Amino acid sequence: MHEALLELADDHLILGHRLSEWCGHAPMLEEDLALPNMALDCIGSARTLYARAGELEGAGRDEDALAYRRGERAFRNCLLVERENGDFAQTMLRQLMFAAFMEPYWHAALGSTDEAVRGVAGKATKEMGYHIRHAGEWVIRLGDGAPESTLRMGRAVEELAPYADELFASSAAARAAEEAGVLPEREALRPAWEAVMSDVMGQAGLAWPDDVWPQTGGREGRHTEALGHLLAEMQSVHRAHPGAAW
Amino acid sequence: MSVAVLDEARAWAAAAAVPDPEIPVVTVEDLGILRRIRVESSTVVAELTPTYSGCPAVLAIEMAVEAALRGAGFEARVKRVMSPPWTTDWITPAGREKLRAYGIAPPAEASGSVRALFGETRVACPRCGSAATQKISEFGATACKAQYRCTACLEPFDYFKCI
């Protein structure tokens, strides 16, 4: 059971860290506030999920041990969330793709048999609804914008479309958690995801490519080169000063 | 009336007066994040529910509540309760009025209301009361606020977003 929660926690921590990389670099002040806000939502959910996963594992690993002391191959996040930020268009499309999946996911998880999961779900379904709105508005504005922004949003779609499919695939651990009523079934959420994406794509004047080759492997610990670099930075302080406390 | 009940009432009063570190005009009681006070043998347990998953003020609030209880002479600890999740519906009427007086528009609607994906919320300006307002950004200086501007009095203001 703890492995299924780790997958979810890793998704949120890695995406949260990616979003935090924009802090101080966003194209305008409002976005410099928005991106770390969204990062905090993700990292907040990750913390509760790590704590619960560590408790279920029963090996004495707390949230810090799980976040900072596992190597690349031990991370189980989907590949979408580890993709480099790229330009602002790519970051916003990645956020929309993730939130459009997680909003119905957490909504379904409100009926989880696990109290910690229900606790996260209650907050996160609303937070992800917010992320859909924010990222969706940008995808529309950029896709239906000036020639340069349309070009860049089109490139972002080409770049990220292959990573969508992995969201709907349940690992063996996730399937066990789904059968136990702890987590919702991933594949069942495809219609909800497609409804949001096609609504936004339509308003943005963008087309979703239908001949993509799905990229997967994250749930087995086979990652893209991008994750190792992210972890090296994120974990460096903790690894240089093991056990340090404020 | 038992000693425990008297203690609970006194402990509630001490904890309830703790201000929010980001919006100091409202207390943890006004925001509805102080859920319960109970006496467990000789220790007062204060149950708090965070507003947002990643609210960075959570630790500061927990420490302040614990300090307030110790200051009132109690052995105390704080318990973080995630479920049921906090909603803006838990902000008290007094809390909403304090937010408005401070220049922050309180949440406009009940959190359960169905809204279209890109629907606009009607937010009244906390300064002049006009409904002619525009959203600047979904995200403000803290996780719980959005940025708006009033097109009548031309003032920008924070909106405590509805969640």
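## A walk through chains A and B

Start by selecting helix 1 (residues 2-20) of chain A and helix 8 (residues 172-179) of chain A: their axes come within 8 Å and cross at roughly 110°. This angle makes helix 1 of chain A roughly perpendicular to helix 8 of chain A (65 to 115 degrees counts as roughly perpendicular). Axes here are lines fitted to C-alpha atoms, for helices over the stretch in contact, and angles run from 0 to 180 degrees between N-to-C directions. Helices are DSSP runs (H or I, at least four residues), numbered from the N terminus.

You are looking at a predicted model, where local features need pLDDT of at least 70, side-chain atom pairs count only at pLDDT 80 or more, and totals for chains, interfaces and linings use all residues. Residues are numbered from 1 along each chain as its sequence is written, and chains are lettered from A and ligands numbered from 1 in the order in which they are written.

**Next, show the residues at this crossing.** Helix 1 of chain A brings A:Glu3, A:Ala4 and A:Glu7, and helix 8 of chain A brings A:Ala173, A:Ala174, A:Ala176 and A:Ala177. Residues are in contact if their C-beta atoms, placed from the backbone, lie within 7 Å.

**Now select helix 2 (residues 29-57) and helix 6 (residues 115-143) of chain A.** The axes of helix 2 and helix 6 of chain A come within 10 Å and cross at roughly 160°. That makes helix 2 of chain A roughly antiparallel to helix 6 of chain A (over 145 degrees). Among the residues that meet here are A:Ala34, A:Met38 and A:Asp41 in helix 2 of chain A and A:Ala116, A:Gly119 and A:His134 in helix 6 of chain A.

**Move on to chain B.** How many residues of chain B are in contact with chain A? There are 19, and they touch 25 residues of chain A.

**Colour chain B by domain.** An automatic or database domain assignment gives domain 1 (3-80) and domain 2 (92-160) of chain B. Between them, 11 residues of domain 1 of chain B are in contact with 10 residues of domain 2 of chain B.

**Finish by colouring chain B by pLDDT**, the predictor's confidence in each residue, from 0 to 100. Chain B averages 87, and 90% of its residues score at least 70. Select residues 112-118 of chain B to find pLDDT below 50; beyond near neighbours in sequence, this stretch has five contacts in the model. The model scores ipTM 0.73 and pTM 0.88.

Methods. Helix = DSSP H or I, 4+ residues; strand = E, 2+ residues; numbered from the N terminus. Parallel < 35°, antiparallel > 145°, perpendicular 65-115°, else oblique. Contact = placed C-beta atoms within 7 Å.
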